[in-house]
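Visitor: Please show me how to read this fold, one feature at a time.

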Amino acid sequence: MTEVIALETKTEMSIQNTKKILEKYPKDKRYTLAILQDIQRNYDYIPKEAIWEVSNYIESPLSEVYTIATFYKALSLKPKGKYVIKVCNGTACHIRGSDKVLDAIKSSLNIQPGETSEDGLFSIEIVNCVGACALAPVMVINDKYYGNMTKDKVHQVLDEIRRSQNE
Ligand code: FES
């Protein structure tokens, strides 16, 4: 029961916030992407109910808004994890084994790039050069850089984060 109430409150909040965002834009289809980007910035993803709100506001079919929301890589319909793991796949990192780092992360979390773990703790993203080539291969978790990554270091870092959640 408590969960249902919490969910309704959250939904109500996201509708209110979305309405505030919408008020900044003219009611015009041309602004669909700009509105969705704004919503993405605000929530770090695009809640389902926000798609409805955008569709009503600009009087555009839901399917059109949905298509735009799913087309652009920078937009996501799913909330990201508390820890977003970015695996660099720039040239230096690729040459020095970023694929092994990614494999270790995927097998530890049992998710693919672009997905979030079931406990909502981790998401994986593949990115281009993060500007720390001397430390290749590199992964970045939220704003923290981890260099010279190996399979063992991946497990160590992820275990530390998991442990810190129980403290
Ligand atoms: S290629 Fe990975 S940090 Fe530059």
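Visitor: At what angle do the axes of helix 2 and helix 4 cross?

Guide: An axis is a line fitted to C-alpha atoms, for helices over the stretch in contact; angles run from 0 to 180 degrees between N-to-C directions. Helices (H or I, at least four residues) and strands (E, at least two) are DSSP runs, numbered from the N terminus. Here helix 2 (residues 32–43) and helix 4 (residues 62–71) cross at roughly 60°, and their axes come within 10 Å. That makes helix 2 oblique to helix 4. Angles under 35 degrees count as roughly parallel, over 145 as roughly antiparallel, 65 to 115 as roughly perpendicular and the rest as oblique. This is a predicted model: local features need pLDDT of at least 70, side-chain atom pairs count only at pLDDT 80 or more, and totals for chains, interfaces and linings use all residues. Residues are numbered from 1 along each chain as its sequence is written.

Visitor: Which residues of helix 2 and helix 4 make the contact?

Guide: Two residues are in contact if their C-beta atoms, placed from the backbone, lie within 7 Å. Helix 2 gives T32, L33 and L36; helix 4 gives V65, I68 and A69. Five of these contact residues are nonpolar, one is polar and none is charged. Ala, Val, Leu, Ile, Met, Phe, Trp, Tyr, Cys and Pro count as nonpolar, Asp, Glu, Lys and Arg as charged, and the others, Gly among them, as polar.

Visitor: How do helix 3 and helix 4 cross?

Guide: The axes of helix 3 (residues 48–58) and helix 4 come within 9 Å and cross at roughly 125°. Helix 3 and helix 4 are therefore oblique to each other. From helix 3, I51, W52, V54 and S55 meet L62, V65, Y66 and A69 of helix 4. By class, that contact has seven nonpolar residues, one polar and no charged.

Visitor: In what order do the four strands of the sheet lie?

Guide: Two strands pair if DSSP finds at least two bridges between them. The four strands form an open, mixed sheet in the order 2-1-3-4. Strand 2 (122–127) and strand 4 (144–146) are the edges, each pairing on one side only. From one strand to the next, the twist averages 25°. Strand 1 (residues 83–88) pairs with strand 3 (residues 139–141) in the antiparallel sense, over three bridges. In strand 3, M139 is the bridge partner of V87.

Visitor: Which helix packs on the sheet?

Guide: Helix 6 (residues 98–109) does, touching strand 1, strand 2 and strand 3. The direction of helix 6 makes about 155° with that of strand 1.
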